[in-house]
Amino acid sequence: MAGAAPIPEDRPLTAQESALVRWMLEQGTPASTRFIPQLEAAYVVARCPCGCASVDFSVGRVVPAPGPLSILADFEYRTAEGHLCGVFVFERDGLLAGLEVWSVDGLSTLSTLPATSQLQPLGSVQDAAPATSTADD
Ligand SMILES: [Zn+2]
């Protein structure tokens, strides 16, 4: 969340985090699949202070340098309560840098990660106007 500093952590990815990131990278853009090998060396170095399940990674103990992030895979899903949420994997400085979950409607704190079976490509879970974007990347 804006303004709050990440809380330092130092642990391997959980099996769920690892499986989710791998699955997302496999379904993502052609460029995202080349980050899959980095997952073996990824480590959780911080978590989001808001209480959600978002985490930041290091790769081979190297923390990606601060700077612009680039989204590698972007999905959305509905929670069991029906809230529309998003999840994305991002890189920074050429390194796998984190996994982020966020609440599209702002009504949920996402303390758990979605199952891959819940995920839909961004823009396909709609209850408003249909998307007209044809952007590639
Ligand atoms: Zn958060």
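Here are some questions and answers about a predicted model of a protein.

Me: Which element has the highest mean pLDDT in this model?
Reply: Good place to start, with confidence. The protein as a whole has a mean pLDDT of 89, and 89% of its residues reach 70 or more. Among the elements, the lowest mean, 92, belongs to β7, while the highest, 98, belongs to β3.

Me: In what order do the seven strands lie in the sheet?
Reply: Happy to walk along it. The sheet is open and its pairing is antiparallel. At the edges are β1 (7-12) and β7 (120-121), each of which pairs on one side only.

Me: Which residue of β6 is the bridge partner of V55?
Reply: Let's look at the two strands involved. Strand β3 covers residues 55-59 and strand β6 covers residues 95-103, and they pair in the antiparallel sense over two bridges. In β6, the partner of V55 is L99.

Me: What angle does the direction of helix α1 make with that of β4?
Reply: Helix α1 spans residues 15-27 and packs on the sheet. The strands it touches are β3, β4 (69-78), β5 (84-92) and β6. Relative to the direction of β4, the helix direction makes an angle of about 105°.

Me: How far apart in space are P6 and S54, C-alpha to C-alpha?
Reply: P6 sits in the segment before β1. Leaving aside neighbours within four places in sequence, P6 is in contact with A46, R47, C48, P49 and D56. S54 is 48 residues from P6 in sequence, and the C-alpha to C-alpha distance is 9.7 Å.

Me: Is P6 buried, exposed or partly exposed?
Reply: The count of C-beta neighbours inside 10 Å decides this, and for P6 the count is 14. A residue needs 20 or more to be buried and 12 or fewer to be exposed. Because its count is 14, P6 is partly exposed.

Me: Is R61 buried or exposed?
Reply: R61 is in the loop between β3 and β4. Its phi is near 70°, a positive value in a residue other than glycine. R61 has 8 C-beta neighbours inside 10 Å, so R61 counts as exposed.

Me: What is the phi of D93?
Reply: D93 lies in the loop between β5 and β6. With 15 C-beta neighbours inside 10 Å, D93 counts as partly exposed. D93 is not a glycine, yet its phi is positive, at about 60°.

Note on methods. Residues numbered from 1 in each chain as written. Predicted model: local features only at pLDDT ≥ 70, side-chain atom pairs only at ≥ 80, totals over all residues. Pairing = 2+ DSSP bridges. Helix = DSSP H or I, 4+ residues; strand = E, 2+ residues; numbered from the N terminus. Contact = placed C-beta atoms within 7 Å. Axes fitted to C-alpha atoms, helices over the stretch in contact; angles between N-to-C directions. pLDDT = per-residue confidence, 0-100.
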